[in-house]
Amino acid sequence: MSSALDPHIPEPETFSPALRDNGPAAKVAIVGAGWYGCHIAEELRADGHDVHIFESQADIFGGASGHTQNRLHLGYHYARSAMTRRQASEGYRHFKKIYPTLSRVVANNIYAVPRDDSLLDSETYLQVMQASQLPIELVDSTAFGLAPSTTAFRVAEELLCTQSAKRLFGASLRPQLRLGTRAESVEEAHGTLRVNGEPFDAAVDCTWGAWEAGGQGMWPDLYFEPCVTFVYESQLHEFALTLVDGAFFSVYPFQDGLHTLTSVTHTPLGRCRSHDEARQTIARQNTDSLERTRRIMEKDVARYWPPFLDHFRHVDAFFSVKTKMRSASDARVVSVRRSGSRISVFAGKVNTIFTAADLVRQEMHAAVGRNQWASL
Ligand SMILES: Cc1cc2nc3c(=O)[nH]c(=O)nc-3n(C[C@H](O)[C@H](O)[C@H](O)COP(=O)(O)OP(=O)(O)OC[C@H]3O[C@@H](n4cnc5c(N)ncnc54)[C@H](O)[C@@H]3O)c2cc1C
């Protein structure tokens, strides 16, 4: 199905190689080695900057990036926001172009609309996706064991190959990575920026709000959701199910014969004021509380997809912290802010890394005066 996508999706409007900088190299500290830190490091290195990546964990992708549902968003999730659909399509196009080996097709990637509980009816959902030129095919929901009250569509959304991404970035950025090195302090005085006491020309916070010193004062509007994702074994390698549109669940392939189960309502375990507080909430989870949450989620799934537990056997769970903005309209929009030579990134979805890199580059020009037109 993926080849049928290409003619329909408009050319990306963001990601401007024209901004590539030929000026002298700046020494840049990047803090955090998830999708954002690694991709932005690649971009800045390609610009000729001297990049150093601080990562507090022993390996890359140990934060949210290694613990997602691995959905390469294309727009099907956002029936009620044309802007987010457009952003997802653009991001998808960039992703396929820049990282062609880091996603794959899921043969039966099903989005299902329940007749009585969805915020949009299935006709409207179909029309919205068709109007956005997203490939979508009506299929028989009962053929997949779904309740007859659901309308099912096969879609062209792909799966992110996160383990491959980890290997790719781990190898290509090896000289730049300082693993097991936490950025503790950042100070800027008399035109000199220091991270952990070491001078840099600029620092880019790619911790998704975890490094409070890095984002100090720049993001007063963040909050943090500790999240649980349940992991299941299954033989259904080529199957994904997402219920739309509302507070539903989704079952998505993960890796090595495993699938994940998440729920809009039950995956978030709370709402916290800091990343630390979110991690503490995760640490407080115990077998009983997790079992209760899992049973509720499985019951939700069975309501729309009765044979779920015939195909899926629970084996594990993992946790991650989702960073959000208080303003709902900003919640899914990638954003970059700067104070002096400190640049801070608020991540969107994985496929908005390109927009983030563009914005960081613009701020780098402003911060370290490397704009090639500035001297004219
Ligand atoms: C449950 C869940 C499911 C999701 N599913 C999807 C999905 O299917 N598709 C999608 O596109 N997006 C999804 N997302 C969003 C996705 O996770 C984010 O877009 C992405 O991971 C953000 O990457 P990042 O690099 O900004 O942050 P992270 O991956 O969290 O990386 C931050 C890094 O900074 C490091 N760090 C923190 N503090 C310091 C410090 N002081 N010094 C040094 N290092 C530090 C951390 O160890 C971490 O490695 C999901 C998110 C969650 C929580």
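Visitor: What is the order of the strands in the open sheet of 6 strands?
Guide: The pairing in this sheet is mixed. Its edge strands, which pair on one side only, are strand 9 (177–179) and strand 19 (335–339). Neighbouring strands are turned by 20 degrees against each other on average, direction ignored.

Visitor: Which residue of strand 2 stands opposite Lys27?
Guide: Strand 1 (residues 27–31) and strand 2 run parallel and are joined by 5 bridges. Standing opposite Lys27 in strand 2 is Asp50.

Visitor: What angle does helix 10 make with strand 19?
Guide: Let's look at two helices that pack on this sheet. Helix 2 touches strand 1, strand 2, strand 13 (202–205) and strand 20 (342–346), and its direction makes about 165 degrees with that of strand 1. Helix 10 (residues 353–368) touches strand 1, strand 13, strand 19 and strand 20. Its direction makes an angle with that of strand 19 of about 15 degrees.

Visitor: Which are the edge strands of the open sheet of 8 strands?
Guide: This sheet has mixed pairing and the order 6-7-5-15-16-17-14-18. Its neighbouring strands are turned by 25 degrees against each other on average, direction ignored. An edge strand here pairs on one side only, and the two that do so are strand 6 (136–139) and strand 18 (312–325).

Visitor: Do strand 14 and strand 17 pair in the parallel or the antiparallel sense?
Guide: Strand 14 covers residues 222–234 and strand 17 covers residues 258–263. Across this pair, Val231 stands opposite Thr260 in strand 17. The two strands are joined over 4 bridges, and the sense is antiparallel.

Visitor: Which helix lies across strand 14 and runs at about 70 degrees to it?
Guide: The helix you want covers residues 287–304. Besides strand 14, it lies across others including strand 5 (108–114), strand 7 (150–155) and strand 15 (239–243). It is helix 8.

Visitor: Which residue does a cis peptide bond join to Val244?
Guide: Look in the loop between strand 15 and strand 16, where this residue has its place. Omega of the bond is about 5 degrees. The partner of Val244 is Asp245.

Visitor: Where is the pLDDT below 50, with 40 contacts beyond near neighbours in sequence?
Guide: The chain has a mean pLDDT of 90, and 90% of its residues reach 70 or more. Where pLDDT is low, the predicted coordinates should not be read in detail. One stretch under 50 is residues 370–376. The stretch with 40 contacts is residues 1–19.

Note on methods: Residues are numbered from 1 along each chain as its sequence is written. This is a predicted model: local features need pLDDT of at least 70, side-chain atom pairs count only at pLDDT 80 or more; totals for chains, interfaces and linings use all residues. Side-chain values use heavy atoms; hydrogens and water are left out. pLDDT is the predictor's confidence in each residue, from 0 to 100. Contact means heavy atoms within 4.5 Å. Two strands pair if DSSP finds at least two bridges between them. Axes are lines fitted to C-alpha atoms, for helices over the stretch in contact, and angles run from 0 to 180 degrees between N-to-C directions.
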